[in-house]
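Let us look at this structure together, one question at a time.

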Amino acid sequence: MLSAYPLKALLCFTLPFSTRIVVATQDPIIIQPIEFGAMSSPTYHLPPLPYGYNALEPHISTQIMELHHSGHHQAYVNNLNAALKNHAAAVQSNDIRTQISLQQAIKFNAGGHINHSLFWRNLAPPGSSESKSSSAPNLIKQINATWGDEEKFRDAFKTALLGIQGSGWGWLVKTGTGADKNRLSIITTKDQDPVVGKGEVPIFGVDMWEHAYYLQYKNGKAAYVENIWNVINWKVAEKRFLGSSEDDNACLKSTQGLLQV
Ligand SMILES: [Fe+2]
């Protein structure tokens with residue numbers, strides 16, 4: 001049962017082989033052979049959207065949302081489950097070469113599952129109270145302290161998003177520790193590299209793969225980036241900002257693939 005597994009045991013399967021060694025030295029729980037050897041592969045499921053496929057119109061079309069969620073995200077889930085099943089069989093048969101060969105597929109598809117699960121929940125119907133930045137007073141205060149004002153932050157985020165070459169994601173993350181725990185940064189990640197795993201707390205992300213906008217915006221990527229502000233869920237962003245990486249990671253324990261924040 002995956003639910004019996006500690007989070008870092010779960011992340012053990014989502015990170016590249018070299019990274020797993022580092023994590024293992026930080027938390028010996030994940031290298032307990034009784035848990036690892038007796039495991040059956042977890043099965044992830046596509047989380048339902050917290051709104052309808054047409055809820056983000058006119059900024060993100062119904063067609064895009066349906067294909068993106070039921071097609072692309074479902075494929076990441078399916079491929080992750082297949083890779084984890086093969087990985088579990090390789091562990092049972094002590095086939096280390098196959099285990100190593102599966103690391104990239106696990107990282108890519110787990111990243112796709114995690115990133116999209118976070119993404120869906122950090123979007124909200126336009127005009128809703130959640131889509132107003134006034135729903136995130138603490139986060140906006142920190143944004144203003146970091147970038148000067150909300151407009152300058154949006155400009156910086158837009159520049160980061162449009163600077164992505166190929167496929168990737170843009171994220172606002174909380175990266176600080178200790179007395180500086182609320183420090184914010186804008187980061188971009190390549191392909192489906194998972195935003196979690198390095199200690200950052202993802203506040204919200206924007207999918208910059210062409211499948212996220214091309215059917216509607218074609219090569220007008222800047223217009224997609226401009227319109228995404230109409231559907232950012234600031235209420236969720238505020239909750240993530242006030243939380244910690246442990247709060248966020250705890251949500252990933254669910255075999256249902258549901259993220260609660
Ligand atoms: Fe996507």
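Q: Judged by its C-beta neighbours inside 10 Å, does Asn-94 count as buried or exposed?
A: This is a predicted model, in which local features need pLDDT of at least 70 and side-chain atom pairs count only at pLDDT 80 or more, while totals for chains, interfaces and linings use all residues. Residues are numbered from 1 along each chain as its sequence is written. A residue is called buried if 20 or more other C-beta atoms, placed from the backbone, lie within 10 Å of its own, exposed if 12 or fewer do, and partly exposed in between. Because Asn-94 has 9 C-beta neighbours inside 10 Å, it counts as exposed.

Q: Near what value is the phi of Asn-94?
A: Asn-94 sits in the loop between H4 and helix H5 (96–101), where helices are DSSP runs of H or I with at least four residues, strands are runs of E with at least two, and both are numbered from the N terminus. Most residues other than glycine have a negative phi. Asn-94, which follows H4, is a residue other than glycine with a positive phi, near 55°.

Q: How many helices and strands does the chain have, and what share of its residues is buried?
A: The secondary structure comes to 12 helices and three strands. Among the 261 residues of the chain, the share that counts as buried is 33%.

Q: How far apart are the end C-alpha atoms of H4?
A: The expected span of a helix is 1.5 Å times one less than its number of residues. H4 has 31 residues and should therefore span 45 Å, which agrees with the separation of its end C-alpha atoms in the model, 44 Å.

Q: On which residue is the kink in H4 centred?
A: The bend at a residue is the angle between axes fitted to the seven residues ending there and the seven starting there. H4 has a kink of about 35°.

Q: What is the order of the strands in the open sheet?
A: Two strands pair if DSSP finds at least two bridges between them. S1 (residues 168–174) is joined to S3 by six bridges and to S2 by seven, and in both cases the strands run antiparallel. The order of this open sheet of three strands is S2-S1-S3.

Q: Which strands stand at the edges of this sheet?
A: Each edge strand has a single partner strand, so one side of it is left without a neighbour in the sheet. Neighbouring strands are turned by 25° against each other on average, direction ignored. The strands at the edges are S2 and S3.

Q: How many of the seven residues of S1 are buried?
A: Both faces of S1 are covered, with Gly-168, Gly-170, Leu-172 and Lys-174 buried on one side and Trp-169, Trp-171 and Val-173 on the other. S1 is largely enclosed by the rest of the structure, because the number of its seven residues that are buried is seven.

Q: Which residue of S3 is the bridge partner of Trp-169?
A: S1 and S3 run antiparallel, and along this pair Trp-171 stands opposite Gly-205. The bridge partner of Trp-169 in S3 is Asp-207.

Terms used: Axes are lines fitted to C-alpha atoms, for helices over the stretch in contact, and angles run from 0 to 180 degrees between N-to-C directions.
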